[in-house]
Amino acid sequence: MMRIHIFFLLFSLLLTGCAAQTGPKQRYFWPIGGAEPKIEYIDFYQADRDVMHAESPLAQAILGTQLGRPIFKAPHGIGSRGDEVFAVADPGEAKVVICDLAAGEVRWLKNREGEPYAFSFPVALEYRPDGGGYVADTATNLIYQFSRDEVVVKEFGKDAGLKRPNGLAFDAERQILYVVDSLNHQIAVFNADGEFLRRIGKRGTGEIEFNFPLDIALSPTGDLVVLDALNARVQIIHPDGSFVRMFGERGTALGSFKMPKGIAVDGFGHIYVTDAQSHRFVIFDMQGNYLLSIGGRSVLQAGQVHPGGLDMPKGISADPDGKIWIVDSLSRMVHRFQFISGDYLQQHPLTEGEIFIPEELR
């Protein structure tokens, strides 16, 4: 992925999006105009009809008023199961919402009686390869484990002294769960069954030191990729706890952060960081090299959705095949992007006239 200059969402995107409903199909790519496409905007999910329709909500109403029941109230964290199923931790509803695009269903994590599980303040979740997973609740300071049939089966973390747990990452090969313990400024380590094992780091500004970390992801080789939020940086750490590298800084320049909130890594080794106050997400490689920024503030009005526009993005999740899922918190929706790999381009080839280019860049 090449180094490029940042761009901002253009108003002409609104107008062209409207025309796309009656004219040729439009596809939205970054970087915009001229360069080889690297990221494609795919869809958004805001109301139950967006999940239940077989046709893309973007294709149906990219800028029109969305009908149906809103799915989210105050969405925060997101996790993808990797098979057209994603789940959102929504502290506004005190629930975890599951969107099954393949089945066209919206449902919730349940208790053993089959009712939606009542969390206190769920903020993050992580799937395991078997379809089960974990939820972090910052009000109870506990981690909740759910089964592959989406039932909460246990809670743990009390003996570990968690204080405002946030991001989660599960290492399937080592059967290890990493929990961002924000107020302790550490990473808490558990086995797959919730047994507390150890802690990584302490508060500070040096190597393997954190200042209110918020999220964590794993690289394709199993390294920990930690969003060290108030230090405005990313740290990469080996599973054995040894330091690899760090990058990032606070500011408005390319590759810097104003208010980083979430982090994810895809199967190609791209690191994605949401920057809430800048209303964008930023992409790096595993060496910490800045690659691309996507976004620009877009306030949702009258149901108008701008491809690439964000309003305080928070949680982010990336699949091994390059699907990217982002929580747009103030717009109360999830956006879906796609890294354009060779396999993806082969399955979704570009045809003449499909690529949207704003008038200003033609």
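## Exercises on strands and aromatic rings

Strand β18 (residues 224-228) is mostly covered, with 5 of its 5 residues buried; buried means under 20% relative accessible area, exposed over 50% and partly exposed in between (1.4 Å probe, protein chains only). Strands (E, at least two residues) and helices (H or I, at least four) are DSSP runs numbered from the N terminus. The model is predicted: local features need pLDDT of at least 70 and side-chain atom pairs count only at pLDDT 80 or more, while totals for chains, interfaces and linings use all residues. Residues are numbered from 1 along each chain as its sequence is written, and side-chain values use heavy atoms, with hydrogens and water left out.

**Exercise 1.** Describe the two faces of β18 and identify the strands joined to it by bridges.

*Solution.* 
Step 1. L224, V226 and D228 point one way from β18, V225 and L227 point the other way, and all are buried.
Step 2. Two strands pair if DSSP finds at least two bridges between them. Strand β17 (residues 215-218) runs antiparallel to β18 and is joined to it by 4 bridges; here L218 stands opposite L224.
Step 3. Strand β19 (residues 233-237) is also antiparallel to β18, with 5 bridges between them, and V234 in β19 is the bridge partner of L227.
Step 4. Turn to the hairpins. The hairpin of β17 and β18 has 5 residues between the strands, and G222 takes a positive phi near 95° there. In the hairpin of β18 and β19, with 4 residues between the strands, A232 takes a positive phi near 55°.

**Exercise 2.** Determine the strand order of the open sheet that contains β3, and state which strands form its edges.

*Solution.* 
Step 1. The 4 strands of this open sheet follow the order β3-β4-β5-β6, with antiparallel pairing.
Step 2. The edge strands, each pairing on one side only, are β3 (77-80) and β6 (105-108).
Step 3. From one strand to the next the twist averages 20°; axes are lines fitted to C-alpha atoms (for helices over the stretch in contact), and angles run from 0 to 180 degrees between N-to-C directions.
Step 4. Between β3 and strand β4 (residues 85-90) there are 4 bridges, and I78 stands opposite V88 in β4.

**Exercise 3.** Classify the ring pairs Y117 with F119 and Y134 with F170, and report the burial of their residues.

*Solution.* 
Step 1. Rings of Phe, Tyr and Trp (its six-membered ring) pair if their centres lie within 6.5 Å; planes under 30 degrees apart count as stacked, over 60 as edge-to-face and the rest as tilted. By this rule the count comes to 20 aromatic pairs.
Step 2. The centres of the Y117 and F119 rings are 4.7 Å apart and their planes stand at 50°, so this pair is tilted. Y117 is buried at 19% relative accessible area, and F119 is buried at 6%.
Step 3. For Y134 and F170 the centres are 5.8 Å apart and the planes are at 40°, so this pair is tilted. The pair links distant parts of the chain, 36 residues apart: Y134 lies in strand β8 (residues 133-137) and F170 in strand β11 (residues 165-171). Y134 and F170 are both buried.
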